[in-house]
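Trainee: Please take a close look at one helix-helix contact in this model, and then at the salt bridges elsewhere in the chain.

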Amino acid sequence: MDRKRLEGYRREIRAQLGSCIDFWLKNGMDAECGGVLTCLDRRGEVFSGDKSVWMQGRCAWTFARLCSLYGARDEWLRASKSCIDFLESHCVNRAQGGRLYFTVTREGRPLRQRRYCFSEGFAALANAEYAAVTGDAGALDRARRYYDMVWMLNNGGPDPVGMPPKTDPEVRPMRALADPMIYLNMTSVLRRVDPEREAEYAKRAGACVRQIVGLHMKPDLGCTLETVAPNGDALLDTVAGRVVNPGHDIECSWFLLEQAGRTGDAGLRGMAAKMFDMAVEMGWDEEYGGLKYFVDCLGRPPEAYEHDMKLWWPHTEMLIAALMLYRDTGEKRYAEWFARAWDYSMAVFPDREYGEWYGYLRRDGKPTEPACKGSTFKGPFHYPRMLMMVDQMLGDLLDREKGGHEDGSGSN
C-alpha cells in the first residue's frame, strides 16, 4: 500500500474513533448509578436500563487503553473507573465464590448468572489496563485474581455457582474454541502490564495455542470448528459440531499472530495465516459482501436463524487481522483483504448522522429495524478496539513506508 492510501485510511480511522468515543461518553455513561448503559437505539437513547456485566469490563478496558495509547484524559479515566467501581460494588456474586453475574439492573441488583466466565475475563482485562495507566496495585491484584479464576474454570476446576453444562457431558462431552482463544487474548494483555508473572503467562499462552491449533483447527475440513470432542475429534454428525464462526476464527488468528510475534515462531505465524485464509474462504459472502455470522462446515443448514446476518464485530476483527497479516508478512493479498473488508464495512456500518456503527445488518447489508447502536452484547469494545489497533498498525506501516523510500526500496 502506498503512503497516500495509508494516510487516507488513518484520517478516516481517527475521525471515527473520535466520533465513537464521543457517542459513548455522551450517551452511555451512567452519571447516576455508575458504569455504562449499552442498550442504546440509533440516536443513543436508552431503551433498557439493565446492564451487561461483561460490558462493564469491556468499556473500562477501552477507556483505559485510550489513555495508554493517546495520553490520560480525565473523562477517559473517570469512565474506566466508573465501570470498574460499578462492577466491583454490584456485579460480584460473593455468596458463590466471587464469580460475576452476567446482567444486573441499572442500580446493580443481580438478574442473571451464566455458566461461562467471560464476565470475569473482561474484568481481568479492565483491571489490568487500568493498573497500567494508574499504577493502582489493587486493580492489578483484581486482574490477577480474575485471570486465575478463569484458568481454573476453563481447566476443570470447581464452579462455585454449580450450574450444569448445557449438554450432558456423560452423553456428549465437548470443548469450546472460545475458552482458549479468549484466554490467549487475556494473557497477551496481562503479560504486557504485569511482567513479574511472565513465566506463568508464557506457560499458559502456550497451552492455549496447543488447544486452538491442535484441537479446533481442521485444515482437512478447511475451517476451525467452534466445538469439538475433548480430544479434538470433529463431531460432524451433529449440528453444533459443524458450526464455523468466521469472525471468531479471524479474531483468533490475530491472537495467534500476536503470540507468534512475541515468541518469534514462524510456524505459528503460518498457522495464524492459514486460519484467516480458511475463515474468509468459507465465510465471505460473494453475492452481497461481508462475513456471514455462522456457516455449517459441510454446507448443511445452520441451526442459528441469524446465520447469514452481517454483524459489526466480525468485520472489525477482519480489519485488524488482515492489516496485521499484511504488516507481519508483507503479502499483498492481505492488503487486498483489508481493502475489501474496509470498503464493505465503511459502506454499511457507520451511521454518519448519529455516530457509531450499526450492530446488526441483514444479509443484504441494510440495518435491522429499529436499528440499535448497543445491546447486552454490543458496547464500546470491538469497534473502538479495532479503531485503536488499526490506527497503530497504520502508523507502523507509514513508518516502514517512509524508511523504504529513504533507502530506495519503496513499498508494494
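Mentor: In the contact of helices α8 and α10, Gly247, His248, Ile250, Glu251, Ser253, Trp254, Leu257 and Glu258 of α8 meet Trp313, Pro314, Glu317, Met318, Ile320, Ala321, Met324, Leu325 and Asp328 of α10, where contact means heavy atoms within 4.5 Å. By class, these residues are 10 nonpolar, 3 polar and 4 charged; Ala, Val, Leu, Ile, Met, Phe, Trp, Tyr, Cys and Pro count as nonpolar, Asp, Glu, Lys and Arg as charged, and the others, Gly among them, as polar.

The model is predicted: local features need pLDDT of at least 70 and side-chain atom pairs pLDDT 80 or more, while totals for chains, interfaces and linings use all residues. Residues are numbered from 1 along each chain as its sequence is written, and side-chain values use heavy atoms, with hydrogens and water left out.

Two packed helices are described by the angle between their axes and the distance between the axes. Here α8 (residues 246–263) and α10 (residues 312–329) pack at about 35°, with axes 8 Å apart. Axes are lines fitted to C-alpha atoms over the stretch in contact, and angles run from 0 to 180 degrees between N-to-C directions. Helices are DSSP runs (H or I, at least four residues) and strands likewise (E, at least two), numbered from the N terminus. The crossing of α8 and α10 is left-handed, that is, the near helix is turned anticlockwise from the far one by less than a right angle.

Now the salt bridges. The count is 37, each being a side-chain nitrogen of Lys or Arg within 4 Å of a carboxyl oxygen of Asp or Glu. Arg142 and Glu88 form one of them, at 4.0 Å from N to O. Arg142 lies in α5 (residues 137–154) and Glu88 in α3 (residues 74–90), so the bridge ties together parts 54 residues apart in sequence. Both residues are buried, meaning under 20% relative accessible area, against over 50% for exposed and partly exposed in between (1.4 Å probe, protein chains only).

Glu286 pairs with Arg340, with the closest N and O atoms 2.8 Å apart. Glu286 is in the loop between α9 (266–283) and β11 (295–296), and Arg340 is in helix α11, 54 residues apart. Glu286 is exposed at 59%, whereas Arg340 is partly exposed at 33%.
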